[in-house]
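Try each task before you read its solution.

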Amino acid sequence: FPTAGKGINRKGMEKDSTDLERILKTIGFSVKVKMDLNSHEMKDAIRKFINRDHSQSTCLLVSVMTHGLEQRAMGTDWAGIDIHKDIIQPIVKSDNIACPKVFIMQMCRGVKTDFGVKKRRWGVDGATAVDAQALESPEDSETDSSSDEESSQESFQVDWAEVCSKLAPTDVDYIVTWASAEGRPAIRSRTQGSLLIQEVVNVFEHYGSEEDVATLFERVRRNVAKVEATLKEDSQKIPVKQSAETKTQLLGKLYFKSLTSSA
């Protein structure tokens with residue numbers, strides 16, 4: 001959707017959307033795409049999604065690709081909605097959705113560009129070059145306890161023998177992968193798409209029928225960390241890095257099973 005103050009679209013998002021839709025359909029998902037929504041339409045789309053019949057669903061995947069800042073995802077009206085309160089938590093806490101949930105968040109989480117460090121990191125061997133001309137600039141946003149709490153915790157004591165076995169924790173059975181670490185921008189190429197989404201497509205395509213979802217996202221994070229991109233500022237090429245982040249609340253291993261089975 002239009003970039004604030006520039007009147008241009010998030011170039012590269014068309015490739016991301018097309019490629020991700022293709023691989024998800026190959027895996028077995030029924031895909032619904034929503035484009036260029038304002039903040040009110042985004043909330044309404046989530047509400048309608050939650051209220052659909054999910055009784056036959058074995059897994060739900062939600063991917064949000066937009067501009068972002070810290071904990072907000074931007075609509076076309078450049079008004080942000082809270083990622084946790086308005087997107088993730090309503091879906092996770094819904095009694096209407098019993099199956100595991102997968103979230104992929106392609107958006108910036110801040111503006112502090114990661115210029116990398118000159119020392120080896122465990123699990124990151126070497127780097128992959130990215131077309132310098134194709135990358136967005138940082139200006140594009142997407143380059144893509146208190147004492148009361150302590151006393152309350154002390155008074156909350158449970159006799160485990162009295163806990164109802166039919167109850168399940170609220171915040172379980174989901175996994176979220178972010179394009180970048182907290183406070184960092186997300187890299188997006190004008191021609192090749194965003195770094196995260198393209199690595200998700202690549203990994204799902206090659207390993208989606210073999211490995212569990214947490215392992216797939218581990219591959220994605222490793223591949224993202226290996227990429228060395230460059231930004232152009234004042235005719236200079238500046239190397240930048242990106243580190244994807246995953247939070248998992250899955251209680252077991254989640255598989256897509258096969259690239260032909262229904263998901």
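The exercises below go through helix pairs and then a pocket.

This is a predicted model, where local features need pLDDT of at least 70, side-chain atom pairs count only at pLDDT 80 or more, and totals for chains, interfaces and linings use all residues. Residues are numbered from 1 along each chain as its sequence is written, and side-chain values use heavy atoms, with hydrogens and water left out.

**Exercise 1.** Work out how α1 and α5 are oriented to each other.

*Solution.* 
- Step 1: Find the helices, α1 at residues 13-27 and α5 at residues 195-207; helices are DSSP runs of H or I with at least four residues, strands are E runs of at least two, and both are numbered from the N terminus.
- Step 2: Take the geometry: the angle is about 20° and the axes are 9 Å apart. Axes are lines fitted to C-alpha atoms, for helices over the stretch in contact, and angles run from 0 to 180 degrees between N-to-C directions.
- Step 3: So α1 is roughly parallel to α5 (under 35 degrees is roughly parallel, over 145 roughly antiparallel, 65 to 115 roughly perpendicular, and the rest oblique).
- Step 4: Look at who touches whom: the α1 side includes Leu20, Ile23 and Ile27, and the α5 side includes Ile197, Val201 and Phe204. Contact means heavy atoms within 4.5 Å.
- Step 5: Sort the contact by class, and you get eight nonpolar, one polar and five charged residues (Ala, Val, Leu, Ile, Met, Phe, Trp, Tyr, Cys and Pro are nonpolar; Asp, Glu, Lys and Arg are charged; the others, Gly among them, are polar).

**Exercise 2.** Now describe how α5 and α6 are placed.

*Solution.* 
- Step 1: α6 covers residues 213-226, and α5 packs on α6 at about 135°, with the axes 9 Å apart.
- Step 2: α5 and α6 are therefore oblique to each other.
- Step 3: Among the residues that meet are Val200, Val203 and Tyr207 in α5 and Leu216, Phe217 and Val220 in α6.
- Step 4: By class, that contact holds ten nonpolar, two polar and two charged residues.

**Exercise 3.** Which helix gives the largest share of the lining of the largest pocket?

*Solution.* 
- Step 1: α1, α2 (39-51) and β1 (60-65) each supply at least two lining residues.
- Step 2: α2 gives the largest share, seven residues.
- Step 3: By class, the lining divides into 22 nonpolar, eight polar and ten charged residues.
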